[in-house]
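Open the structure in your viewer and keep the selection panel at hand. The tour moves from one stop to the next.

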Amino acid sequence: MSGYTPELKELIKKVEATRGKRVEKAKRGEHFPALTMDERERWLKKYHPDYKSEGRRKVSVGPNKGEVLPEEVSVLLESKSMLNPGNIDLGKVDFSTDVLIIGGGGAGTAAALTAEMEGQSVIVSTKLRHGDSNTVMAEGGIQCASQEGDSPYFHYLDVIGGGHFTNDPSLVSALANDAPVVISWLEELGVMFDKLPDGRMKVRHGGGTSRKRMHSAGDMTGAEIMRVLKDEVRNRSEKIKVLEFSPAVELLTDKTGKVSGAVLHNLETKEYYIVKAKATIIATGGFGRLHIQGFPTTNHYGATADGIVMAYRAGASLVDMGSTQYHPTGAVYPEQNVGLLITEKVRGLGAHILNIEGEEFCFPLEPRDVESSCIIRECGEAGKGITTPTGRVGTWLDSPMIDILHGNGTVRKELPAKYIQFKRYNIDISREPMLVYPTLHYQNGGLKIDGEARTDVEGLFASGEVSGGVHGRNRLMGNSLLDVLVFGKRAGKSASDYVKSLSHETVPTLDHIKRFHREIEKAGIENPVTGPMLLPDYTPEHVRKRQWG
Amino acid sequence: MAEDKKTKPEPGDLSIPPEGAKMIPIYIMGSEYLVPETLTVMKAVEYAGYRYIRGCGCRGGICGACATFYRFVGDYKLKAGLACQTVIGPGMIITQLPFFPSNRPDYNLDKIEGDLHGELRRLYPEVFKCIGCGTCTRTCPMDIDVMDYIALMKRGDLKGAAVKSFDCVMCGLCASRCPAQISQFTAAMFVRRLVGKYILPRAGHLEKRVSEVKSGRYENMFKKLKGMKTEDLKKLYVKREREPDLSEPGVWMPEDKEHL
């Protein structure tokens, strides 16, 4: 029994008809030609959603005033605080700490462990559970130039070329340089990387890589890393206090504008807490749940750009905030799996992307934005997409090639989570292809940081997806997991050094909010929304209509 | 062929029920709601009008936030799954388990080296009191043979237990049903870290690269790259040699050995 409808099963026959020849070619090392640099640029401009003019507008307040950003982002940057600064007694401090970390995903947790090692007391504020983040959803792997035929030099080239040379070079070199140190740290913490019997790391290609440097732990690399880091934090609970379901809703600043802690909000009791901190690290992740341009997303429930909103009000500027990554392969069938990320590892293992005729139309391992543009073009202008019973459109991802290329059982062994997620709906991805279309995956831009993870506001550090510049306008697979760890650790170290350098305590205020509210008013923004968003709202229309009052 | 309206993605993650989808009754913590069939439990709960704070995380079956128990009206069997991955059926009675108390003793991973199995026995004596009922295995939403990895732990096959428990999302459903009061998933976490650190052989090539990085070997190369004009950098980028897809790790070597 198959989970595909009879109509789709008919179309799968076309994929099967071309498979033999395609596998033969793959075995000879031949692949569909990649686009030239000029073609890349042309296709991006024509087909990538970032280049559409609809759904984007200028933001009218704050450090990036005048910049054109997605509507969903602009609205939040122009939002007003949940707090009325006049009503709050900041003299009553609930928690005091050396380092406050806002966000409990990979970057925040790496920062927490690093700051603790540096002898600092740490509070981690997190909106959901500790570890609920996009880090756990990173499947395919983490890049690191660990093999003899590779080096951080080539890693650097791949990153900056993949980002179309828009990246901040000092962040790229930090990323490539620290990668081996970070992977070795994880090995030391007991992360079970995929290895050969002699201990050598198994490695694979990802889109845009010149060397095989994708290190993995099954197809749940991020989940494995996150659960290990979280577990280690629990061993260090004397110095690291984790406050779950208590997101920060506003930063605190002193009279000179330095960040000196935050106001947290207990989502269950609705209480606010005042946390005074000598240094503050923002690691709140990205904006997938804003559903830029209406796209479904692979992101976790809490990816609502809260850190961006708070830091922007405190004066931190943004880079590349208008740049969104659409992962080429999000599931579009069955409906229950819509938005589900199909790891790039599937293509790294040799699966082709095919149109309704079962034909290849692009090199399967282009950089992500280019690959997505190819798929959008094939389904749109070329009219060769496959339409699902719910009216979505996609292309085939020919996963059955993997077992033929690498031996029976490879799909089950290398992609266990994906295998289960489709088996639930009676689709065996080692025998039948998947239907995929680009899905909102990653916030390329974010808070501007330097190589030491400092924002341009004193006392405020940022790391992970919330920050920008590392990947420029396009990120390669396996560099986000690396980013959260490299810059999480750098932020932890940098914040600790900063704490050690401080000579006197500061007095926290909400003056920057008063100023920001005046700026909103002056800009003539009527009825600004309240931010940060904290949680997305999926209440359907039929319920909303009945929520009277 | 695909028209423009079809290529336009639907807003956000709201499900599109297929045309003519049947409305079926489900019972969310006992209250009846009519929802379109084929939704997952999570999307059905949202369709009914609930807004999650707890019990919702990655929405992709990997974070373990949405552990769920359910029964069908008229059937005595208790079932378990993840709300984001389980499809509803008519007469489904649902409750989520967003949190379950677990036993997780602290330890210092750096100070264990000696008898790993003995350390497991010291930290988790209850593991050795498993009565072999198999409820954990029947409850696991990831189809892990939990009872079997517990048996492997008892026997001292830590690597086997680590591999067998690897797909665990730590939702806690196994622990919630265990008559021997074992927190299987926390014990497994401990065992996996032991295996990752002490049993899997270390990557020698990585260690070598770390010392090269720490010696500052790449600093001058980065300096050169950072000082380059974009046009020259582009030329270098286009010229990169690509390692063949099917080469064995660590075997292939590029022509350009100067930058290794």
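Is the crossing of helix 5 of chain A and helix 6 of chain A left-handed or right-handed? It is right-handed (near helix turned clockwise from the far one; left-handed is anticlockwise by less than a right angle).

This is a predicted model: local features need pLDDT of at least 70, side-chain atom pairs count only at pLDDT 80 or more, and totals for chains, interfaces and linings use all residues. Residues are numbered from 1 along each chain as its sequence is written, with chains lettered from A and ligands numbered from 1 in the order written.

**Stop 1: the helix pair.** Select residues 152-162 and 169-188 of chain A, helices 5 and 6 (DSSP runs of H or I, at least four residues; strands are E, at least two; numbered from the N terminus). They pack at about 140 degrees, axes 9 Å apart (lines fitted to C-alpha atoms over the stretch in contact; angles run from 0 to 180 degrees between N-to-C directions). Show Tyr156(A) and Leu175(A), among the residues in contact (C-beta atoms, placed from the backbone, within 7 Å).

**Stop 2: the domains.** Colour domain 1 (6-50 + 326-440) and domain 2 (80-323 + 444-511) of chain A; the bounds come from an automatic or database assignment. Their C-alpha centres lie 31 Å apart. Domain 1 gives 26 residues to the contact, domain 2 gives 27.

**Stop 3: the chains.** Now show chain B against chain A: 86 residues from chain B meet 89 from chain A. On chain B, pick helix 8 (184-199) and helix 9 (204-214), among the helices that each supply at least two residues.

Conventions. Contact = placed C-beta atoms within 7 Å.
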